[in-house]
Amino acid sequence: MTLRVLFSFLAATLICGGSVIVDASQPKRPTVSAKKVAVARKKPTVAPAKTSVLLKKTTTTQPIQPQWKPFTSPDGRFTVLMPGTPKQESQTQKTHMGEIDLQIFAAQPPKQEVAYLVVYNDFPHSYAQINNPQEILNDVQEMALKTTQSNLLSHRNIRSSNGHPGKEFAYINAGGKITRTRVYLAEGRLYQVMAITTKKQQRNLAKTITGYLNSFQIVLKK
């Protein structure tokens, strides 16, 4: 059976709103060897993002460890460790503020039911200036759960290594797919860093996925 990666929660999320951020600093970037988005006060309907990334079924009990290497986004504004060179895809979402461009970077190691993704979109300058960051992040979580019809497993407020507000949450859908996500708001841009896998692979890849999430770094504009 071939399982398509769930991208419906990638619909651009632009939200208004405010709450207190609990500072949970991100761990230091580890050495890894194997290691959503538009909603406003009137939350608009946004078509799901589409992708060609697949989760391929494997009978391997222990996952084959890929070669992880640093990846820097074409515009130089984030770095992350990826299992090989990620595939890049651009999508446009229509919102109440106009069109929002999503940039998607996805990698899937061979013979593993797991996909690693980084997705970002830029907000209109005026919107980013008047909305509360934490409420935007909370609504990203809410929309992800609603769109994928998933149950929340865990969540916490975090910050990036250079102080930008973020949120980490994990959820499971009816088909048993588990998504671990960290989202950040930085300089008018929303970043979503995700690992999507099965219950079985989650047990084997928990440390690798944590290392992947920890490796994500936002690079400040100069």
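User: Hi! Which residues does Phe78 touch, not counting residues up to four places away in sequence?

Analyst: Hello! One thing to keep in mind is that this is a predicted model. In it, Phe78 touches Phe71, Thr72, Ser73, Phe105, Val118, Tyr120, Tyr191, Phe216, Gln217 and Val219, leaving aside residues up to four places away in sequence.

User: Thanks! And which residues of the largest nonpolar core touch the most other members?

Analyst: That core has 24 residues, and Phe78, Val80, Met82, Tyr116, Val118, Tyr212 and Phe216 are the ones touching the most other members. At least two core residues come from each of β4 (78-82), β6 (98-107), β7 (114-122), β10 (177-186), β11 (189-198) and α3 (199-215).

User: What other core lies apart from it?

Analyst: There is another core of 11 residues, and its members include Leu137, Val140, Tyr171 and Leu185. As a general point, nonpolar side chains in soluble globular proteins tend to be buried together.

User: Let's look at α3. Where does α3 bend?

Analyst: The bend is at Leu205, and it is about 70 degrees.

User: How far apart are the end C-alpha atoms of α3?

Analyst: They are 23 Å apart. With 17 residues at 1.5 Å a residue, α3 should span 24 Å, so the two values agree.

User: Which residues of α3 are buried, then?

Analyst: The buried ones are Gln201, Gln202, Leu205, Thr208, Ile209, Gly211, Tyr212, Leu213, Asn214 and Ser215.

User: What does Lys69 touch?

Analyst: Not counting residues up to four places away in sequence, Lys69 touches Val80, Leu81, Met82, Gly84 and Thr85. The C-alpha atoms of Lys69 and Leu81 are 5.3 Å apart, although these residues are 12 residues apart along the chain. The side chains of Lys69 and Thr85 also make a polar contact, at 3.3 Å.

User: Last one: where is Ser160, and is Ser160 buried or exposed?

Analyst: Ser160 lies in the loop between β8 (151-159) and β9 (165-172). Ser160 is buried, because its relative accessible area of 6% is under the 20% cut-off. Its side chain makes a polar contact with the side chain of Asn162, at 2.6 Å.

How values were computed. Residues are numbered from 1 along each chain as its sequence is written. This is a predicted model: local features need pLDDT of at least 70, side-chain atom pairs count only at pLDDT 80 or more; totals for chains, interfaces and linings use all residues. Side-chain values use heavy atoms; hydrogens and water are left out. Contact means heavy atoms within 4.5 Å. A polar contact is a pair of N or O atoms within 3.5 Å; within protein, one must be able to donate a hydrogen and the other to accept it, and residues adjacent in sequence count only if both atoms are side-chain atoms. A nonpolar core is a set of buried Ala, Val, Leu, Ile, Met, Phe, Trp, Tyr and Cys residues joined through side-chain atoms within 4.5 Å. Buried means under 20% relative accessible area, exposed over 50%, partly exposed in between (1.4 Å probe, protein chains only). Helices (H or I, at least four residues) and strands (E, at least two) are DSSP runs, numbered from the N terminus. The expected span of a helix is 1.5 Å times one less than its number of residues. The bend at a residue is the angle between axes fitted to the seven residues ending there and the seven starting there.
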